[in-house]
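Visitor: I would like a close look at one part of this protein. Please take me through it step by step.

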Amino acid sequence: STGTSQSTGTSQMTDASTIRPRRSFIFTPGLRPDMYPKALASGADMVCVELEDGIAPKDKAEARRNALALFEAPQADDDVERLVRINSIRERFGIEDMNAILNTPAPPPALMVPKVRTPDEVVIIDQLLTEAGHQTRLHVIIETNAGLEAAVDIAQSSTRIESLLFGGVDMAAELRCENNWDNLLYARSRVVSAAAGAGLDVIDVPFLDLDDMDGMRVAAAQARDLGFSGKGSVHPKQIPALNEVFTPTAERIARARHVIAEFEAADTGLVVVDGKLIEKPVLREMYRIVAIAERMGL
């Protein structure tokens with residue numbers, strides 16, 4: 001599977017349709033389908049219907065029914081990526097989530113898969129979706145120590161995977177450390193590295209203090225500079241700042257267009273731009289920047 005994953009990474013260089021902005025996401029509770037339209041209108045690039053941590057065990061079945069019912073209607077073509085966060089498939093609720101998804105003729109476009117510890121979990125989900133004829137994409141959360149150890153293999157375990165997400169709260173608990181930037185820097189870096197190796201986006205955990213917008217902006221900039229594509233939010237008021245932080249600057253967009261133009265004119269696979277050799281990973285990032293800029297009309 002490593003080969004397929006890496007080849008998808010490279011093909012993304014020229015297939016802009018697989019590249020999209022993932023600067024921000026927000027959860028909307030499965031129990032409250034009335035909140036789904038508000039989440040879609042919040043400005044977030046990704047909206048995730050929540051079946052996992054935000055739902056009490058007694059409410060799981062109702063939340064699941066509500067969530068899947070949302071996708072029975074045609075979805076607006078509004079550039080918002082729609083996901084459902086299922087429960088871990090190591091638990092009964094996760095198995096019941098998957099069963100319901102496999103049995104619906106209108107599956108969600110993507111699933112967020114929590115607490116992944118091994119590549120096998122992703123492989124099983126992929127195979128079940130394939131057997132059901134579902135095109136559903138996957139976004140995988142790395143939030144356990146076992147998942148962190150296996151992050152590279154997990155990232156390359158399925159061609160359905162679009163992004164890795166870093167789950168800081170659970171990770172800090174597993175590592176027995178305070179949940180702050182310095183303490184989790186190694187863990188974050190490892191997830192960024194695994195995602196980059198597989199040509200995936202990588203998204204950081206939400207900033208939980210709603211009253212500290214400056215702190216959130218700093219944390220978002222730190223994540224961006226480390227290599228993250230975006231960051232979660234816990235409230236719509238955080239989204240404009242996140243989108244701003246993770247939107248490529250005009251300077252970066254112009255440089256990316258310049259590098260791509262030189263590369264395509266040279267047609268050799270190796271190209272020197274402004275005295276620097278530009279290799280494939282750099283080029284892939286340039287295509288990503290331009291694709292995002294074009295999606296946003298920049």
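Visitor: In what order do the eight strands close into a barrel, and is the pairing parallel or antiparallel?

Guide: First, a word on the model. It is predicted, so local features need pLDDT of at least 70 and side-chain atom pairs count only at pLDDT 80 or more, while totals for chains, interfaces and linings use all residues. Residues are numbered from 1 along each chain as its sequence is written, and side-chain values use heavy atoms, with hydrogens and water left out.

Now the barrel. The eight strands close in the order β1-β2-β3-β4-β5-β6-β7-β8, and the pairing is parallel. Neighbouring strands of this sheet are turned by 30° against each other on average, direction ignored. Strands (E, at least two residues) and helices (H or I, at least four residues) are DSSP runs, numbered from the N terminus. Two strands pair if DSSP finds at least two bridges between them. Axes are lines fitted to C-alpha atoms, for helices over the stretch in contact, and angles run from 0 to 180 degrees between N-to-C directions.

Start at β1, residues 24-29. Five bridges join β1 to β2, and the two run parallel. F25 has M46 in β2 as its bridge partner. β1 also pairs with β8 in the parallel sense, over three bridges. There, I26 stands opposite S233 in β8.

Move on to strand β4, residues 110-113. β4 pairs with strand β5, residues 137-142, over four parallel bridges. L111 stands opposite L138 in β5.

Next come β6, β7 and β8. Strand β6 (residues 161-166) runs parallel to β7 and is joined to β7 by three bridges. S163 has D201 in β7 as its bridge partner. D204 stands opposite K231 in β8.

Look at the side chains of β7, residues 201-204. D201 and I203 point one way, while V202 and D204 point the other way. All four are buried. Buried means under 20% relative accessible area, exposed means over 50%, and partly exposed lies in between (1.4 Å probe, protein chains only).

Two loop residues deserve a stop. S88 is in the loop between β3 (81-85) and α4. With 4% relative accessibility, S88 counts as buried. Leaving aside neighbours within four places in sequence, S88 is in contact with G94, P114, K115 and E121. Contact means heavy atoms within 4.5 Å. S88 and R117 are 29 residues apart in sequence, and 9.8 Å apart in space, C-alpha to C-alpha.

Q238 is in the loop between β8 and α11 (239-246). Its relative accessible area is 0%, so Q238 is buried. Leaving aside neighbours within four places in sequence, its contacts are F207, D209, L210, M213, M216 and S233. S233 is the β8 residue that stands opposite I26. Helix α11 itself lies across β1 and β8, running at about 175° to β8.

Now the helices. Two packed helices are described by the angle between their axes and the distance between the axes. Take α3 (residues 60-70) and α4 (residues 92-103): their axes come within 11 Å and cross at roughly 25°. α3 and α4 are therefore roughly parallel to each other. Angles under 35 degrees count as roughly parallel, over 145 as roughly antiparallel, 65 to 115 as roughly perpendicular, and the rest as oblique. K60, R64 and L68 in α3 meet F93, E96, D97, A100 and I101 in α4. These residues divide into four nonpolar, no polar and four charged. Nonpolar covers Ala, Val, Leu, Ile, Met, Phe, Trp, Tyr, Cys and Pro; charged covers Asp, Glu, Lys and Arg; the others, Gly among them, are polar.

Which α3 residues are buried? They are K60, A63, R64, N66, A67, L68 and L70. The buried residues of α3 pack against α2 (36-40), β2 (46-50) and α4.

Last, compare α12 (residues 250-266) and α13 (residues 280-295). They pack at about 125°, with axes 9 Å apart. That makes α12 oblique to α13. By class, their contact has eleven nonpolar, no polar and five charged residues.
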